[in-house]
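This report walks through one structure.

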Amino acid sequence: MKRKFVAVEEDSLDNHGVAWWRGPLLGKGGSGSVYLAYLKKPKSRNAFYRRVMAVKSAEFSSSSSLQKEKEVFNHLHDCPYILECYGEETTVSKNGQMVYNLLLEYASGGTLADLIRRSGGCGLPESDVKKYTRFILKGIDYIHSHNYVHRDLKPENVLLVPCGSGDFVPKIADFGLAKKVQNTKRRMFDSSIAGTILYMAPETLVHNVQESGSDIWALGCIVYEMFTGKPLWGLNPDESTEELCKRIADRLELPDVPSGISKDGSDFLKGCLVKNHKFRFSVEMLLNHPFVSGIDDTGNELCDRSCCEE
């Protein structure tokens, strides 16, 4: 399920853009290497770029996933729960390497996976789980309203962007595997499933179906992980990929709802983690669920664009 790309060479930090300097390496993902980027003239007011950004880069000949991601961003550009994309640029280093670059919002808070990891296997406070779940759900709703399915929702692909209140807003990122869905009642067979197995829905593994309900299943896996600090299906080093897929696909093996959480939290999780996708809760049902419906989208917990301006 992993994407292949040719990484930008570590010593190619001379590979800068027209208006930005390439900074240190932040990490490597399935479709490119991610670096910090700084405006060359930080005091100037640039209509498109921020003073500090992240730039996702790959050698041009293997950058199809990044270029596809840019196409998706072209349609998802006005939601406070989706990472902002500022543009694209092709650069050439001194050694002649041609590189495709995607300029993105910098999430200084890291990933939701980092935050969960720092809990030491204890999970996050339920108040935080509620807030993050509400915002991620709003992002999913926006994605689906534009006829896309993300297909790789997981804590690593939810980034934490600072808000003016000193808190962080979770934003959905990494759209390299997203796909456009058809507005038709007839389900089309898709042989090219994608994503991360730990967060794949049963219908994906059994019938190669990846539709809006598959993202809801992945959300349930994320919420479970926020509550417990551990993946829904565990991390057994002795379990093969085939055995893991069988457990997820088995309609009789139901996920355990963690103890010690509220009744609303338990019911929300159960609504996401229904193995038969026909009976899984919809985005609309989840947004109106008491577990998250009390979160104020316009209060201190919401970061609008003005509070993030640099």
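How many aromatic pairs does a search of the whole structure find? The search finds 5. The model behind this count is predicted.

## Overall make-up

The protein chain has 9 helices and 9 strands. It is 310 residues long, and 52% of them count as buried. Take the contacts in the chain with a separation of 6 or more: residues 24 or more positions apart account for 66% of these.

## Aromatic pairs

A pair of aromatic rings is described by two values, the distance of the centres and the angle of the planes. Start with F60 and Y100. Their ring centres are 6.2 Å apart and their planes stand at 65°. Planes over 60 degrees apart count as edge-to-face, so this pair is edge-to-face. F60 lies in the loop between β3 (52-59) and α1 (64-73), while Y100 belongs to strand β5 (residues 98-105). The pair therefore ties together parts that are 40 residues apart in sequence. Y100 is buried, at 3%.

Y81 and F135 form another pair. Here the centres are 5.2 Å apart and the planes are at 20°. Planes under 30 degrees apart count as stacked, so Y81 and F135 are stacked. Y81 sits in the loop between α1 and β4 (85-92), and F135 sits in helix α3 (residues 126-145). Y81 counts as buried at 4% relative accessibility. F135 is also buried, at 0%.

Ring pairs also join F227, F268 and F291 into a cluster.

## Charges over rings

Which ring does the charged end of R22 sit over? It is the ring of Y35, with the charged end 4.9 Å from the ring centre. K40 lies over the face of W21, at 4.8 Å from the ring centre.

## The α5 and α7 crossing

Helix α5 covers residues 212-228 and helix α7 covers residues 263-272. Their axes come within 8 Å and cross at roughly 145°. The crossing is left-handed.

Which residues of α5 meet α7? They are I216, W217, L219, G220, V223, Y224 and F227. On the α7 side, the partners are G265, F268, L269 and C272. By class, this contact has 9 nonpolar residues, 2 polar ones and no charged ones. F227 and F268, named in this contact, are also members of the ring cluster with F291.

## Two threonines

T228 is placed in helix α5. At 14% relative accessibility, T228 counts as buried. Leaving aside neighbours within four places in sequence, T228 is in contact with G121, C122, G123 and P258. How far apart in space are T228 and L124? Their C-alpha atoms are 7.5 Å apart, although 104 residues separate them in sequence.

T204 lies in helix α4 (residues 202-207). T204 is buried, with a relative accessible area of 1%. Apart from neighbours within four places in sequence, T204 is in contact with I193, V209, Q210 and S214.

Notes: Residues numbered from 1 in each chain as written. Predicted model: local features only at pLDDT ≥ 70, side-chain atom pairs only at ≥ 80, totals over all residues. Heavy atoms only, no water. Axes fitted to C-alpha atoms, helices over the stretch in contact; angles between N-to-C directions. Helix = DSSP H or I, 4+ residues; strand = E, 2+ residues; numbered from the N terminus. Left-handed = near helix turned anticlockwise from the far one by under 90°. Contact = heavy atoms within 4.5 Å. Nonpolar A, V, L, I, M, F, W, Y, C, P; charged D, E, K, R; others polar. Phe/Tyr/Trp six-rings, centres within 6.5 Å; stacked < 30°, edge-to-face > 60°. Buried < 20%, exposed > 50% of the residue type's maximum accessible area, 1.4 Å probe, protein only. Lys NZ or Arg CZ within 6 Å of the ring centre and 35° of its normal.
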